[in-house]
Amino acid sequence: MDLACLYNRNFMDLGLKGRVAIVAASSQGIGRATAEGFAAEGCRVAMCARNRSTLDQASDKIREQYHTDVFAETLDVTDADAVHGFVAAVATKFGKVEICVTNAGGPPAKGFLAATIEDWRKAVDLNFLSTVYFAREVIPYMQRQRWGRIITLTSISTKQPVADLVLSNAVRAAVVGLVKSLANEFGKDGILVNNVGPGYTATDRLKELAKSRSAAQAKSEKEIFEAWAADAPLKRLGNPKEVADTIVWLASERASYITGQTILVDGGLYKGL
Ligand SMILES: NC(=O)c1ccc[n+]([C@@H]2O[C@H](COP(=O)([O-])OP(=O)(O)OC[C@H]3O[C@@H](n4cnc5c(N)ncnc54)[C@H](OP(=O)(O)O)[C@@H]3O)[C@@H](O)[C@H]2O)c1
């Protein structure tokens, strides 16, 4: 082995150049940072979200900055037919589907008795069934090429329930059950399935949560943000890019023996072992 060559390497080659990556719900926040992360590695990227103008702004910027193919389509991830059409369009445009990051907005912040049955149904649609829809569509492509990566973007709530987020705490656990089951069933086909759980990460979603907490606790939004930062051993909020970097690495050749896992990107917020 050429040791000099090993020691001289000052970067980690992720082996992602030319791969086709779908990132769901990716016009803003962590999804957007993830789409950008794959583009920076030379992947061809497919993005989606509901709002056309925000999606176009994000996809145009990524296309220009990284000189890579970016396909963007508006859709609601809770619409199974729309997800079917989107994945088929990605396969037609790029010839394959190799990486799929599932994502969606988060459910509203509520305690158990405040959450209606309709809230529960919506949370299941948004954060569980949307993951099922994407997995059902992408797995057959991945099986045919005997290579695939599915990464679900969920929350620290998959390991440690968050106060007033009972919908997220309960529904995201089902995603982890799905991730482990898919990892077991499709490992033989070269498909790796993992889950990434962010802690408090500076995005619009967090601003919304701070607003509802501030109203409920009669504290300013600034105090809410400071308390979240203080809770993590790293004493700050996360940056969407820090979550995105973990997702991109998990999709890469450098994480080729990792499947069925949940990895938290939370600055140490999770208090368990
Ligand atoms: N930020 C945090 O601190 C944090 C912590 C733990 C977990 N999470 C979870 O991580 C995920 C991403 O959070 P984020 O902070 O990046 O959120 P964000 O900044 O609010 O971005 C959400 C993205 O998802 C899209 N989206 C939302 N609902 C959609 C739908 N039904 N169909 C298609 N696209 C949809 C939005 O675009 P459109 O509105 O145009 O559709 C937007 O691009 C959420 O599930 C959130 O709960 C976040």
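An axis here is a line fitted to the C-alpha atoms of a helix over the stretch in contact, and the angle between two axes is taken between their N-to-C directions, from 0 to 180 degrees. Keep that in mind while touring this structure, which is a predicted model.

Begin by selecting residues 117–145, helix α5, together with residues 166–186, helix α6, whose axes come within 9 Å and cross at roughly 15 degrees. Because angles under 35 degrees count as roughly parallel, α5 is roughly parallel to α6, and the crossing in which α5 passes α6 is right-handed. Now show the side chains where the two helices meet: among them are W120, F128 and I139 in α5, and L167, L178 and F186 in α6. Sorted by class, this contact of α5 with α6 has 16 nonpolar, 3 polar and 2 charged residues.

Next, select the ligand and the 27 residues around it, of which S27, I30, R50, T201 and T203 come nearest. Zoom in on R50, where a polar side-chain atom lies 2.8 Å from an oxygen atom of the ligand, and then on N51, where a backbone N or O atom lies 2.8 Å from a ligand oxygen atom. At R205, a side-chain N or O atom is 3.2 Å from an oxygen atom of the ligand.

Finally, select residues 204–217, helix α7, and residues 221–231, helix α8, which pack at an angle of about 110 degrees with their axes 8 Å apart; α7 and α8 are therefore roughly perpendicular to each other. Their contact includes L206 and R213 of α7, and F225 and W228 of α8, and its residues divide into 6 nonpolar, 2 polar and 4 charged.

Definitions and conventions:
Residues are numbered from 1 along each chain as its sequence is written. This is a predicted model: local features need pLDDT of at least 70, side-chain atom pairs count only at pLDDT 80 or more; totals for chains, interfaces and linings use all residues. Side-chain values use heavy atoms; hydrogens and water are left out. Helices (H or I, at least four residues) and strands (E, at least two) are DSSP runs, numbered from the N terminus. Angles under 35 degrees count as roughly parallel, over 145 as roughly antiparallel, 65 to 115 as roughly perpendicular and the rest as oblique. A crossing is left-handed if the near helix is turned anticlockwise from the far one by less than a right angle, and right-handed if clockwise. Contact means heavy atoms within 4.5 Å. Ala, Val, Leu, Ile, Met, Phe, Trp, Tyr, Cys and Pro count as nonpolar, Asp, Glu, Lys and Arg as charged, and the others, Gly among them, as polar. A residue is near a molecule or strand if one of its heavy atoms lies within 4 Å of it. A polar contact is a pair of N or O atoms within 3.5 Å; within protein, one must be able to donate a hydrogen and the other to accept it, and residues adjacent in sequence count only if both atoms are side-chain atoms.
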